[in-house]
Amino acid sequence: MVEGSNYWQQTRRPLPVLVFLIPLLAAYEVGVLWMGGHNPDALRNGADSWMRWTLEEVGLNPAYVMPLVIVFIFTFWQFKTRESWHLDGEILLGMLVESMVLAVALIVVGRIQDMAFQKLETSGIIASLGSAPAAVEDLVCYVGAGIYEETLFRLLLLPAIYYALTTIGLPSVVATTVAVTGSALAFSVAHYVGPMSEPFLWFTFIFRWLAGLFFSGVFVLRGFGVAVGAHAAY
C-alpha cells in the first residue's frame, strides 16, 4: 500500500501527472475527432479553442501541437528533476479516487448555492435566476474542460500572476491570494466572452467563480494532475 505521506508527495511529481494526463488527453482528442465529424471544433471547449487560435496565429498546427505541448511540459520537467521513472500504480488509482471525491465536494457546493438562490428568489430579493447549466453534458467536453481550462487558468495564468506580483515586491501570501482569486475570476468571466460565450447569469457566474477558487486551491495544495482529474470528473 502507498503510505499517506508518500502519496501526497508522489502526486505532485511530474511523472505521475504525465501518466495520469495521457489517457485523458487521448480520450478527449480522439473523442472530438470521432464525434465531431466534419466539424470537430464545435465540440472543443473555450480554453482549448483560445489556445489553438493562438498557435494558429504564430503559424503552428494546433491539432498536433496542443496535446504535445502539455506532454512536453511534464516530460521536460521530469527530465529536469532527474527523479526516478518508477511509478506505483496505486498512486494513479489514488489520484483517480481523490479526483472523484473532490468532484463530489464541488457538486455539494453547487447544491448549497442552488438552495440559497432559490430562497432568495422566493423571498423576492432576486427576481429571476434564469436557468442553471445543463446537468448532463457530453463526457468528451468534460474531459477537455478539465485538461485545457486547468492548463490555461491554473497552470499558466495563476503562476504568472503570482510571479508578477512577487517580482514587484508583494509578500508571497498576498501574491498567492490575489493570484488564486484573480485566476478564478478570469475563469468565470471567460465563459461570457467571445464567440462561444453564454448568456450572463448571476447563478452561473458566482458558481464558476467559486469553482475557480476550488480548483485553484486544489492546484496549489494538491497539484495539477488532481486538479485536472477533479475538473474532468465534475
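This is a predicted model: local features need pLDDT of at least 70, side-chain atom pairs count only at pLDDT 80 or more; totals for chains, interfaces and linings use all residues.
Start with the inside. The largest nonpolar core has 39 residues, and those with the most contacts within it are Leu21, Ile70, Phe74, Ile147, Tyr148 and Phe224. Eight helices, α2 (14-36), α3 (46-57), α4, α5, α6 (139-167), α7 (172-189), α8 (202-222) and α9 (224-233), each put in at least two residues. The top contributor is α2, which gives 8 residues. As a general matter, nonpolar side chains in soluble globular proteins tend to be buried together.

Leaving aside residues up to four places away in sequence, Phe224 touches Val17, Leu21, Phe74, Ile147, Glu150, Thr151, Leu155 and Phe219. Phe224 also belongs to an aromatic cluster with Phe74, Trp77 and Phe219.

Across the model, the count of aromatic pairs comes to 15. Take Phe200 and Trp202: their ring centres are 5.1 Å apart and their planes sit at 80 degrees, so the pair is edge-to-face, given that angles over 60 degrees count as such. Phe200 is partly exposed, at 42% relative accessibility, while Trp202 is exposed, at 56%. A ring also takes part in a contact of another kind: Arg154 lies over the face of Phe187, 4.7 Å from the ring centre.

Then there is Arg82. This residue has a positive phi of about 55 degrees despite not being a glycine. Arg82 is found in the loop between α4 (62-81) and α5 (89-123), and with 77% relative accessibility it counts as exposed.

How values were computed: Residues are numbered from 1 along each chain as its sequence is written. Side-chain values use heavy atoms; hydrogens and water are left out. Rings of Phe, Tyr and Trp (its six-membered ring) pair if their centres lie within 6.5 Å; planes under 30 degrees apart count as stacked, over 60 as edge-to-face and the rest as tilted. Buried means under 20% relative accessible area, exposed over 50%, partly exposed in between (1.4 Å probe, protein chains only). A charge sits over a ring if NZ of Lys or CZ of Arg is within 6 Å of the ring centre and within 35 degrees of the ring normal. Helices (H or I, at least four residues) and strands (E, at least two) are DSSP runs, numbered from the N terminus. A nonpolar core is a set of buried Ala, Val, Leu, Ile, Met, Phe, Trp, Tyr and Cys residues joined through side-chain atoms within 4.5 Å. Contact means heavy atoms within 4.5 Å.
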